[in-house]
Amino acid sequence: MPNSTREVDVCIVGGGPAGMVLGLLLAQQGMKTLVLERHRNFDREFRGEVLMPRFVQMFRQIGLFDFLEKYPHLKLNNLEIIFKNWHLAKFQIAKIAPEAPFALWMPQPILLGALYDKGKTLPNFDLWFNASAQDLIEENGTVTGVQVELNGKMVEVRSRITVGTDGRASMVRRAGGFETESESHNFDVMWFAIPRPEGYEQTVRAFLSTGINYLILPKYPDLLQCGLIVPKGEMIRFKEKGIESLRKALFKAYAILHPFAAELKDFSHFNVLQARMSFVKRWAKNGCLLVGDSAHTCSPAGAIGVSVAVGSAIVAADVIRKALKANDVSAEFLDQVQRIRGMEVREIQKMQKEVTDGLIFAPRAYKWLVPFLFYLFAKTPLLRQFQRKLLVMKEPLPIDQSLQSLHF
Ligand SMILES: Cc1cc2nc3c(=O)[nH]c(=O)nc-3n(C[C@H](O)[C@H](O)[C@H](O)COP(=O)(O)OP(=O)(O)OC[C@H]3O[C@@H](n4cnc5c(N)ncnc54)[C@H](O)[C@@H]3O)c2cc1C
């Protein structure tokens, strides 16, 4: 039996980027909104820290960019692809995306903390930490709320619409019986951080090799974040073989990693990201909607997971406002979010698959050929077009004017 009940217009399960943006937009438009976050705070590492021009464009569209820019961040200007010591290609983000000429490095605790600071100024916004949604409440085929464990006690939240922004392992998706249309897990990224040498440029670098491919990115405030792109489950194999095997792999990499390799004693420095992609067949049920990674998890290729999740959250804010106004919370009404976003998300996932299949996981026999083909490809306008499609929004999100002129 629940200890108490709370009533709101919209209950959002999950205080990640999608849930926080959705919560702010709904509360700002006058809907009573409660965000549930199972953790005690926003502390998390190696999660969605690079925010590509798409994100900047969206935040400008909803009027939140100038506010966010006041929080600590780095601006990244260049992308480079290197094979051995050969610079295959160097791209200026300003040339790919003149309308938003940089990527932001903003750790998620800072991003989410900033959004929460804004939420605290809105009377209709509420967020509960240490609130783990356990199950959905359903009546006559419509979701009407969630059972929540709040600080160890059961609470019932009643809501006109319940949104699952609870990420790739979504409870709402599971409890609501949403069907997954496609799912894949092709590789893992083993992340770790090292000190950033003085004068290191604001450049994201991808290193291709005939062995392990890897990424090195400036990390706020003074580190480099490095990611080894490995077949799925490789960390377990490294652990079976012992730390020496990983040290050897690192010594084959760029010299900047060698001091870290020399000091390496155990696996505690590594954080494994499983590169999963998934797409839920139908994102809506009566009274319930999946938004962000819970509906469509993207691969890490292009570092656009946050942008894609937030894009769906902004569109969802528009659709939910209209649904509540029309007093129609049916799946058919809420389907509008998928109708607007589904096609673009599928295209993005397809491009991400092409990047990883072609560039990173080419068959062994072709590994030497890939850099040469890429070098030639980079000389054509096709690459710029591909990058724009992945990193830049073609046009503003199709949302009501009222959402674009919110005064935060
Ligand atoms: C290691 C890693 C690195 C990444 N790097 C990048 C990057 O550089 N750039 C980029 O754009 N994307 C990146 N991504 C992807 C990006 O983090 C996600 O696409 C994005 O965070 C999705 O946002 P979301 O709000 O949908 O879900 P999430 O960020 O996953 O948020 C879900 C939230 O729901 C909470 N939650 C879950 N279950 C419950 C429950 N039952 N009750 C209450 N709360 C719950 C979780 O604690 C979490 O806070 C990365 C992902 C990972 C895993």
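1. The place to begin is V146, which is located in strand β10. The model under discussion is a predicted one. V146 has a relative accessibility of 0%, and because buried means under 20% relative accessible area, the residue counts as buried. Its contacts, leaving aside residues up to four places away in sequence, include C11, V13, L36, I137, V155, V157 and M171. A133 and D135 are also among the residues that V146 touches. V146 and A133 are separated by 13 residues in sequence, while their C-alpha atoms are 6.4 Å apart in space.

2. Strand β10 spans residues 142–150, and the loop between β9 (131–139) and β10 holds N140. N140 is not a glycine, yet its phi is positive, at about 50 degrees. Is N140 buried or exposed? With a relative accessible area of 81%, N140 is exposed.

3. A303 likewise deserves a look at its backbone: its phi is near 50 degrees, a positive value in a residue other than glycine. A303 belongs to the loop between β18 (288–290) and α10 (305–325). A relative accessibility of 29% places A303 in the partly exposed class.

4. Attention may now turn to the sheet. Strands of a sheet pair through backbone hydrogen bonds, in either the parallel or the antiparallel sense. Here an open sheet of 7 strands runs in the order β6-β5-β13-β14-β15-β12-β16, and its pairing is mixed. β6 (86–92) and β16 (271–280) stand at the edges; each has a single partner strand, so one side of each is left without a neighbour in the sheet. From one strand to the next, the twist averages 20 degrees.

5. Within this sheet, strand β13 (residues 203–208) pairs with strand β14 (residues 213–219) in the antiparallel sense, over 3 bridges. A206 stands opposite L215 in β14.

6. The loop between β14 and β15 (223–231) contains P221. What is the form of the peptide bond from Y220 to P221? That bond is cis, with omega near 0 degrees.

7. Helix α13 lies across β5 (78–83) and β6, and runs at about 35 degrees to β6. The helix covers residues 369–378, L376 among them. L376 has 53% relative accessibility and therefore counts as exposed. Which residues form a nonpolar patch on the surface? L369, L373 and L376 do so, with about 290 Å² of accessible area together.

8. Helix α2 (residues 53–61) is where Q57 is found. The relative accessible area of Q57 is 13%, and because buried means under 20%, Q57 is classed as buried. Once residues up to four places away in sequence are set aside, Q57 touches E99, A100, V392 and M393.

9. The reader may wish to compare the accessibility values above on the display. V146, at 0% relative accessibility, and Q57, with a relative accessible area of 13%, are buried. A303 is partly exposed at 29%, whereas L376 at 53% and N140 at 81% are exposed.

Conventions
Residues numbered from 1 in each chain as written. Predicted model: local features only at pLDDT ≥ 70, side-chain atom pairs only at ≥ 80, totals over all residues. Heavy atoms only, no water. Patch = residues over 30% accessible without salt bridge, like charges linked within 9 Å, V, L, I, M, F, W, Y side chains within 5 Å. Areas by Shrake-Rupley, 256 points an atom, 1.4 Å probe, with all protein chains shown as cover. Salt bridge = Lys/Arg side-chain N within 4 Å of Asp/Glu carboxyl O. Helix = DSSP H or I, 4+ residues; strand = E, 2+ residues; numbered from the N terminus. Buried < 20%, exposed > 50% of the residue type's maximum accessible area, 1.4 Å probe, protein only. Pairing = 2+ DSSP bridges. Axes fitted to C-alpha atoms, helices over the stretch in contact; angles between N-to-C directions. Contact = heavy atoms within 4.5 Å.
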